[in-house]
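The sequence and structure come first.

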Amino acid sequence: VPSDGEFLLFICSGKRRDGDLGKQLEGKVKVVHVDVLIGGSNHKLGRDDVLEALLAAINCGRCRGLLESLDCRSWTSSHFLPRADGRPPSPLRLWPDQVLGVPMLGGGLPRRVEDANLESEHGARCAAAADALGLPVLIETPVCRREGTSDYIRGCEKHAFMYDHPAWVQY
């Protein structure tokens with residue numbers, strides 16, 4: 001976080017690249033990119049100390065908005081589609097009963113699902129903090145593909161998307 005001046009916080013922004021949000025907003029507001037691809041484990045949203053630092057940044061009085069683009073790999077509807085090699089689909093989450101993850105055969109959840117659950121919990125806390133201050137909040141997530149949605153895909157009737165996670169429901 002810059003020592004002075006206003007900034008926009010972009011959590012899980014990905015690597016910096018030409019044309020990214022930071023470049024587009026250059027000269028208007030500083031964008032603080034927080035991502036493991038930039039800062040390694042010091043930027044890992046699932047860490048409690050990183051969450052506390054983000055909450056402090058949001059509440060410092062100079063933050064002007066929050067963007068989040070959390071890891072979508074465990075939330076994507078692509079897990080409901082047949083694999084390219086012909087193997088059947090293997091969803092990591094099922095709506096409505098296994099939104100937090102489908103246990104592995106030996107028990108427990110896949111690591112990437114556990115990590116994504118923690119990211120959602122921490123991401124929702126950051127969003128709630130920014131929202132409580134009246135700051136604009138933008139969250140990017142894969143769309144819901146369940147029947148009855150405008151983006152329905154046959155075979156995705158049990159697609160659990162990120163906003164089904166209890167932390168986002170509570171937010």
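## Strand pairing

In strand S4 (residues 137-139), Leu-138 is the bridge partner of Leu-67. Glu-68 has Ile-139 as its bridge partner in S4. These belong to a parallel pairing, in which three bridges join S3 to S4. Two strands pair if DSSP finds at least two bridges between them.

This is a predicted model, in which local features need pLDDT of at least 70 and side-chain atom pairs count only at pLDDT 80 or more, while totals for chains, interfaces and linings use all residues. Residues are numbered from 1 along each chain as its sequence is written, and side-chain values use heavy atoms, with hydrogens and water left out.

## The sheet around S3

S3 also pairs with strand S1 (residues 7-11), in the parallel sense and over four bridges. Here Ile-11 stands opposite Glu-68. Five of the six residues of S3 (residues 63-68) are buried, so the strand is largely enclosed by the rest of the structure. Buried means under 20% relative accessible area (1.4 Å probe, protein chains only).

The order S2-S1-S3-S4 describes an open sheet of four strands with parallel pairing. Strand S2 (30-34) and S4 are its edge strands, each pairing on one side only. S3 and S4 also form a right-handed β-α-β unit with helix H4 (residues 111-132). Right-handed means that, with the strands pointing away from the viewer, the path from the first strand over the helix to the second runs clockwise.

## Pockets

A pocket is an open set of points on a 1 Å grid over the protein atoms alone, with protein on both sides within 12 Å along at least five of seven lines; lining residues have an atom within 4 Å of a point. Volume is the space filled by probe spheres set on the points, which are joined across faces, edges and corners.

The largest pocket holds about 360 Å³ of space. Of its 20 lining residues, Val-36, Lys-44, Asp-71, Arg-73 and Glu-119 are the closest to its centre. H4 gives the largest share of this lining, six residues.

The second largest pocket has a volume of about 160 Å³. Among the residues lining it are Ser-69, Cys-72, Glu-140 and Pro-142.

Notes
Buried means under 20% relative accessible area, exposed over 50%, partly exposed in between (1.4 Å probe, protein chains only). Helices (H or I, at least four residues) and strands (E, at least two) are DSSP runs, numbered from the N terminus. On a 1 Å grid over the protein atoms alone, a cavity is a set of points where a 1.4 Å probe fits but cannot get out, and a pocket is an open set with protein on both sides within 12 Å along at least five of seven lines; lining residues have an atom within 4 Å of a point.
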